[in-house]
Amino acid sequence: MTVHGERENIPSVDKAEAAEALRDFTSTYNKAYQELDPSMASQVETGPLEAITTADLKAQHANSPQGNPNYPALKLSDANFHIPRQIGWPKFFVADTDSNRDANRWLVVFTREGADQPWKAAYLSILSQDEVPAFATDKDGWAKPVKAAGPSPRLAVRPDKLSGDYTDYLMTGKGETFADGSATSGMRDSRSKFNKTPKFWTQYIDSPASGGGSEAPVGLRTKDGGAMVFFTSHHRQKQTMAKGFRPNPDAQVKALMTGEAKRAVTLTRVAESAVRVPAKDAADPKVVFLNRLEGVTGAKGE
């Protein structure tokens, strides 16, 4: 009997295939950083993670074209696979792993666009062991997915509204969606110190993800009635120097730069975030950032 993943509510992947996807990701990731080959990222990554990794490898390759054969290999072990039942495509699952980098847990979100497509890592979040939520499961032990788009009557905020609400808040300081913290009020406070200084002034433009495809938010229900959601956002920062001063970007930015930095540099960044979204009836309905990873993906000199 043939099971049609586009019509039936089935587990997104079996555990053996999930483990294989994690091994393939780790192996290719290590090879890419040993050879500093940006083209390899797309083999096992997609979405915001691919954008960040590709730019990082491109910059490192420009500064070390011989590669980095002494790169310390990443090892991901002790994996817990949170696999939801899903109808249709794309599908996803979350690998919650230990790493040889630190004492934290590395959560990798794998997505797949169709039955004939490979699994690719779209999000990576690094959380302390205490920060990893207890995920809800159905009667058969499968994780419970959160609908990416449209109303979610049991959550305080729709997952597809998070990117827009976040970037609106960073631009205006208005909104009640998010709790205070380093990724919200702390970021606005930090930016305010650089809006205008004797040497330069800075402009920021924050924009939401496209909302679909490889940047679509994904999430899993948690036992407390809320959810853990992963989402993408885009950020630009233009720093213009005062008369008599010239920009001095670091080596990584220079490697990604187009144009010549005579008076100004504009940086383009992509951020991937993991947040805890409370249940709609929670005593405190504000969304809390668990992790935020950001990378420079482009630079323009003027």
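Predicted model: local features only at pLDDT ≥ 70, side-chain atom pairs only at ≥ 80, totals over all residues.

Trainee: Which strand pairs with S6, and over how many bridges?

Mentor: That's strand S5, residues 105-112, and the two pair in the antiparallel sense over seven bridges.

Trainee: What order do the strands of the sheet come in?

Mentor: Read across the open sheet and you get S2-S4-S5-S6, four strands with antiparallel pairing. S2 (76-82) and S6 (120-127) are the edge strands, each pairing on one side only. Ignoring direction, neighbouring strands in this sheet are turned by 25 degrees against each other on average.

Trainee: What lies across those strands?

Mentor: Helix H1 does: it lies across S2, S4 (91-99), S5 and S6, and runs at about 140 degrees to S2.

Trainee: How do I read the packing of H1 and H3?

Mentor: Look at the angle and the distance between the axes. H1 (residues 15-35) and H3 (residues 47-63) pack at about 25 degrees, with axes 9 Å apart. Angles under 35 degrees count as roughly parallel, so H1 and H3 are roughly parallel to each other.

Trainee: Which residues of H1 and H3 meet?

Mentor: From H1 you have Phe25, Ala32, Tyr33 and Glu35; they meet Leu49, Thr53, Asp56, Leu57, Gln60 and His61 in H3. Sorted by class, the residues of this contact are five nonpolar, three polar and two charged.

Trainee: Which helices supply the lining of the largest cavity?

Mentor: H1, H2 (41-44) and H3 each supply at least two residues. H1 gives the largest share, four residues. By class, the cavity lining has seven nonpolar, two polar and one charged residues.

Trainee: And the largest pocket: how much space lies in it, and which residues lie nearest its centre?

Mentor: About 300 Å³ of space. The lining of this pocket has 19 residues, with Gln86, Pro90, Phe92, Ala148 and Val218 nearest the centre. Sort that lining by class and you get eleven nonpolar, four polar and four charged residues.

Note on methods. Residues numbered from 1 in each chain as written. Heavy atoms only, no water. 1 Å grid on protein atoms, 1.4 Å probe; cavity = no way out; pocket = protein on both sides within 12 Å on 5 of 7 lines; lining within 4 Å. Points joined across faces, edges and corners; volume = space filled by probe spheres on them. Nonpolar A, V, L, I, M, F, W, Y, C, P; charged D, E, K, R; others polar. Axes fitted to C-alpha atoms, helices over the stretch in contact; angles between N-to-C directions. Parallel < 35°, antiparallel > 145°, perpendicular 65-115°, else oblique. Contact = heavy atoms within 4.5 Å. Pairing = 2+ DSSP bridges.
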